[in-house]
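Hi everyone, thanks for coming.

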Amino acid sequence: MSHEQETLPGADGDSTLDLDTLETHLWEAADILRGSIDSADYKNYIFGLLFLKRVNDRFEEETEEIAEEHGIPEEMVEDDRDLHKEFWVPERARWDHITAQESDIGAALNKALESIEDENDEIADRVLSSIDYNDKDRLGDQVLDKLVTHFSTHRYRNVDLEDPDIFGRAYEYLIRQFADDAGKKGGEFYTPREVVELIVECVDPEPGDRVYDPCCGSGGMLIYSAQHVADNGGSMTDLSLYGQERNLNTWAIGQMNMLLHEVKDAQIAKGDTITSPQFVTQHDELEQFDKVIANPMWNQKEWSKNWVQDNEPYDRFPYGLPPSNRGDWAWIQLMLASLNENGKMGVVMDNGVLFRSRSEKKIRKPMLEDDLIEAVIALPENLFYNTGSPGCILILNKDKPEEREGTVQFIYTEDEELRESGVQVYEELSNQNRLTEEGVVHIAETYRERREEPHHSRVVDLEEIEENNWNLNVPRYVDTTEPEDPIDVSQKLDELETLETELQETDELLLTYLEEMNYR
């Protein structure tokens, strides 16, 4: 192969690579794969190559910096593992070795990723080698040649980027685009960014917090928790991040997401959180966290109820078990069990958790009686990739402020009056809806400030919820009907008088015609 064109740090030779150019460049890589593999699998292959190229470019950049600082040849720096503070890239994983391959490119890529894992503790445990490029029935040398050539057209050194985090932002863009392209399958690894922002703003992680997502997917909620702290004057490393994910490909993407955002200390475990929770203490007790956030699978058909009934070791479901074909309240209780005594949690769920009866009501009622539920936010419909259902956010708090005790705040986000007052909470796109940044800010402020607004937000005493048979459906407490236009009585009376006058004139004219026709 020939890949001599790797000269451009940015578009048209610019000194920096802007976000739009980077996003377009990365998405074009998916076009190379179209027709070879299913669109739901694009992310696995592109993210692996993206990570490999980024690590190589940073390795070369760091090599040059160290050589200049110490006044030694670059070749000496390349061969000295101890001189490098970031990732070490062995020879078989270096980009010039990859681009030199003329056949068996998939095997070369597999070996490159494996060797990087072997040399770097941060990405051990099959983060990269779970991706198999050596599947010649799906990815022949011709396709991989084009893909490697494509990634050779730009450098991903820090000096080439407007901001090192631009890479993380482009990564999120790709995840969103893959979710669009994969349709319903996209919901398995991606929660819309605006929904993530809203839940993080409500839960409000602070420096020093331990934040946990028991079904973290590609890690978006954890990344935004760190970004939230940074946006409020701290650093993305000021809190500890923990997550667990059972889908191995998605787990690998989550690991790479953390590394590309330079959040290297995040602990992302593999496995089913219900049957095999990984975050337990040396005394075999559940670890406790300050904040717990998640978007679990809604209405999970097989959530291992039988296993829980026979084997549950940590008493995570004290309020009872939901139906075997609907695991929502199992996830809520699982999250609550991992929350420390002062902790707060936020979870995205299907609206059915708010009002379904029988075993789910038996869980919901005592949880309300224990005053754990702080807010219910009803989201607009068609926000998510794997369902058109509207969904909701539940905020639970084990340490409610005194002024919030004995109450639940209900927030309705599709209020037409808000739009008329100039607040557009969401926008309707061609395929689905999307919360606006303005909407995220308004809803979060409504929750934090405990504001009450007609047709939008109301704080309700538990006594009223009990009167409604422990039903949390938002329209029971917030008037969601659109108000009718006010009637100007005097204007209507004038209109009536005018109509009566016109009727009288019409009657007189009719009588005149009848007389002319000798009907009288």
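Let's begin with a term: a contact means heavy atoms within 4.5 Å. Among contacts in this chain between residues at least 6 apart in sequence, 73% join residues at least 24 apart.

Before going on, some housekeeping. This is a predicted model, where local features need pLDDT of at least 70, side-chain atom pairs count only at pLDDT 80 or more, and totals for chains, interfaces and linings use all residues. Residues are numbered from 1 along each chain as its sequence is written, and side-chain values use heavy atoms, leaving out hydrogens and water.

How much of the chain is buried? Of its 520 residues, 52% count as buried, meaning under 20% relative accessible area, with exposed being over 50% and partly exposed in between (1.4 Å probe, protein chains only).

Now to the salt bridges, each a side-chain nitrogen of Lys or Arg within 4 Å of a carboxyl oxygen of Asp or Glu. The whole structure has 27 of them. In one, lysine 344 pairs with glutamate 374, and their closest N and O atoms are 3.9 Å apart. Lysine 344 sits in strand β5 (residues 339-349) and glutamate 374 in strand β6, so this pair ties together parts that are 30 residues apart in sequence. Strands here are DSSP runs of E, at least two residues, and helices are runs of H or I, at least four, numbered from the N terminus. Lysine 344 is buried at 16% relative accessibility, and glutamate 374 is buried too, at 3%.

Compare aspartate 57 and lysine 53: their closest N and O atoms are 2.7 Å apart, and both residues lie in helix α2 (residues 42-70), 4 residues apart, about one turn of the helix.
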